[in-house]
Amino acid sequence: MKKSILASVAVVAVAAVAGGAWFMNQSSAQAQTSTDTAATEAASFDVVEMVQGNPDAAVELIEYASYTCPHCAAFHSNQYQEIKENYIDTGLIKFVYREVYFDQPGLWASMIARCGGEMRFFGISNLLYEGQQDWARAGDGAAIANALRNIGKVAGITDEELDACMSDGDQAQELMAWYRANAEADEVTGTPSFVINGEKYANMNYADFSEVLDEKLAEAN
């Protein structure tokens, strides 16, 4: 990977993650008083929401996840697969995936996933979670960034496209601000976290997810 690209990515990520650390250290009182404002701000960003399932479904499941979170990887290997088969692919629910940036590699991974566009986002996300133990522990920042680029290449993204995506400082800052506004609005402090029709939930096994989703569907009908 070109040193200039690596350097620009590192600078962008350091600044963005520093902003994230600032946000997460704010008092809970401040967060509560600004929830409505945060929700409005989150909706105003020019960031594409990554959605699967029926966009007009009466039940919406939002997942907040970090690509470097082992529990998120476990969720995507297990519960998510069943939820996708039984609720998303059948059109019963709208599934929204929102990235959380607790570290630099998590932001880089998001930029790789989004580099493929909406059509390839979830496929690249699956590759990122499946290979999390390899790329997230590849070594220093340069090694991790190079491992992430290789995942992008597997997904069919060209070197030129990857260079453009990974060095896009404006997008990185926009993503970070969007994440902060969403996390503040939904009071997200850990991953994975879930919001189902406006109600926040911690990670659950599939049986519990299914019970909650069925209850929400029954209420909607």
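**Close-up views of a predicted model**

View 1. Leaving aside residues up to four places away in sequence, Gly-156 touches Arg-120 and Glu-161. Gly-156 sits in the loop between helix 9 (141-154) and helix 10 (159-166). Its relative accessible area is 46%, so Gly-156 is partly exposed. Gly-116 lies 40 residues away along the chain, yet the two C-alpha atoms are separated by 8.1 Å.

**View 2. The salt bridge between Glu-49 and Arg-98.** The closest N and O atoms of this pair are 2.7 Å apart. Glu-49 belongs to the loop between helix 3 (35-44) and strand 1 (50-53), and Arg-98 to strand 3 (residues 93-99), so the bridge ties together parts 49 residues apart in sequence. Glu-49 is partly exposed at 28% relative accessible area. Arg-98 is buried at 12%.

**View 3. The salt bridge between Glu-99 and Arg-114.** The N to O distance is 2.6 Å. Glu-99 in strand 3 and Arg-114 in helix 6 (residues 104-115) are 15 residues apart, and the pair links these distant parts of the chain. Glu-99 is buried, with 1% relative accessible area. Arg-114 also counts as buried, at 10%.

**View 4. The salt bridge between Asp-159 and Arg-149.** Here N to O is 3.1 Å. The pair links helix 10, which holds Asp-159, to helix 9, which holds Arg-149, across 10 residues. Asp-159 is partly exposed at 33% relative accessibility, whereas Arg-149 is buried at 6%. The structure holds nine salt bridges.

Methods:
Residues are numbered from 1 along each chain as its sequence is written. This is a predicted model: local features need pLDDT of at least 70, side-chain atom pairs count only at pLDDT 80 or more; totals for chains, interfaces and linings use all residues. Side-chain values use heavy atoms; hydrogens and water are left out. Helices (H or I, at least four residues) and strands (E, at least two) are DSSP runs, numbered from the N terminus. Buried means under 20% relative accessible area, exposed over 50%, partly exposed in between (1.4 Å probe, protein chains only). Contact means heavy atoms within 4.5 Å. A salt bridge is a side-chain nitrogen of Lys or Arg within 4 Å of a carboxyl oxygen of Asp or Glu.
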